[in-house]
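Dear colleague,

Please find below the structure that I am handing over to you. My findings follow directly after it.

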Amino acid sequence: MVVLIAGAACQPGQKSTPAGKVVKSTCGVGTKLTPKCGAWWGVAANPLAGESWDQALTNFENQIQRPVNIAHYYHSSGQLFPTATEIARANQAGKGRLLLINYKPEGGKTWAQVAAGAQDQRLDELAAYVKAHFNQPFFLVIHHEPENEVVQTSGSGYSAQDYRAMYRHVVKRLRGNGATQIVTVMNYIGLPTWGSKSWFEDLYPGNDVVDWIAYDPYIFGSGDYWGPVSDLFNRKFSQYPNWPGFYTWATQFAPGKPLMLAEWGVAEQPGNPAGKPDFFKAVGSQAKNWPAVKAMVYWNAASDRTVGATRIDSTTASLQAYRTTGLLPYFNP
């Protein structure tokens with residue numbers, strides 16, 4: 001059951017209901033899985049304490065007292081997907097989950113080699129599998145966060161132009177072999193560090209093969225990596241004054257493309273126990289200020305060497321704040 005918070009503001013097409021009732025949105029879904037109001041609420045539910053990925057998703061939803069709109073998974077070259085388990089989660093009665101799959105097609109080849117056809121047999125096998133096993137639309141990322149793997153030297157096989165060619169080839173090969181239900185996502189790290197590189201815009205594969213643009217912001221530590229909610233959507237660093245923030249860049253570079261936070265996470269703020277729960281609350285009140293962001297997919301993990309623990313239940317207060325935000329009408333489109 002999805003419980004609305006008393007007094008929560010509705011978006012166009014949404015109806016306020018008494019607390020304790022299931023939210024039934026009338027907004028609908030537009031083309032390419034874009035919600036017509038609000039934003040999808042999703043998760044990459046990393047296994048915690050011996051869970052399987054499947055158990056982790058179920059336990060996460062029990063914690064937040066609602067099903068997620070997007071379940072996020074990861075696959076690499078040679079793996080066929082969606083798997084039987086992932087298909088079961090997408091088709092589970094009454095849940096309405098969409099799948100978001102990150103796929104790295106290289107399998108030991110360079111980007112340039114994949115673009116030249118080195119993995120075509122595997123791509124053809126994947127397309128045939130998708131056609132035979134899953135006829136619903138799903139989000140597909142081709143090699144997420146490529147920025148820090150770019151080697152911008154001639155012949156490296158890993159230039160920004162090589163990435164662009166690889167992405168285009170993979171999408172066209174899959175679609176050309178009948179996997180036409182894929183909704184493609186270009187997924188950046190999204191930091192000003194990379195956005196300021198001279199080759200950054202050369203990564204973009206093209207509007208014809210990109211349906212959504214995604215980026216992966218994290219809030220943690222202090223300084224440039226801990227800030228207000230605007231940093232989640234449009235982070236800037238003082239040392240890169242020409243970078244306008246990812247949200248600003250994306251909405252100007254590819255107007256009309258829906259945006260996704262394909263991974264976002266918040267760690268506990270050192271010395272401030274209220275920092276993380278307060279941030280979750282602020283997301284609930286401020287996300288509407290960034291209307292091009294049509295999906296927010298949380299990275300729920302125990303720990304990371306850089307970020308720290310993004311799990312929503314790192315404290316009771318953090319869990320309650322995340323749960324409350326996720327029950328708002330804006331995140332139930």
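Leaving aside its neighbours within four places in sequence, N148 is in contact (heavy atoms within 4.5 Å) with I189 and W194. N148 and W194 are 46 residues apart along the chain, and their C-alpha atoms are separated by 7.7 Å. The loop that holds N148 runs between strand 4 (138–142) and helix 5 (160–176); helices (H or I, at least four residues) and strands (E, at least two) are DSSP runs, numbered from the N terminus. With a relative accessibility of 49%, N148 counts as partly exposed. Here buried means under 20% relative accessible area, exposed over 50%, and partly exposed in between, with a 1.4 Å probe and protein chains only.

Please note that this is a predicted model, in which local features need pLDDT of at least 70 and side-chain atom pairs count only at pLDDT 80 or more, while totals for chains, interfaces and linings use all residues. Residues are numbered from 1 along each chain as its sequence is written, and side-chain values use heavy atoms, with hydrogens and water left out.

A search of the whole structure finds 1 disulfide, defined as a pair of cysteine sulfur atoms within 2.5 Å. This disulfide joins C27 to C37, with an S to S distance of 1.8 Å. Both C27 and C37 lie in the segment before strand 1, so the pair ties together parts that are 10 residues apart in sequence. Because the torsion about the S-S bond of C27 and C37 is about 90°, the disulfide is right-handed. C27 is buried at 12% relative accessibility, and C37 is buried at 5%.

Helix 10 (residues 316–326) has buried residues as well, namely S318, L319, A321, Y322, R323, T325 and G326. The buried residues of helix 10 pack against several elements, among them strand 1 (40–45), helix 1 (53–64) and helix 9 (275–286).

Finally, I turn to the protein chain as a whole. The chain has 10 helices and 9 strands. Its radius of gyration, taken over C-alpha atoms, is 20 Å, close to the 20 Å that the globule rule gives for 333 residues, so the chain is as compact as a globular protein of that length. That rule is 2.2 Å times the number of residues to the power 0.38. Of the 333 residues, 55% count as buried. Among contacts between residues at least 6 apart in sequence, 74% join residues at least 24 apart.

Yours sincerely,
A colleague
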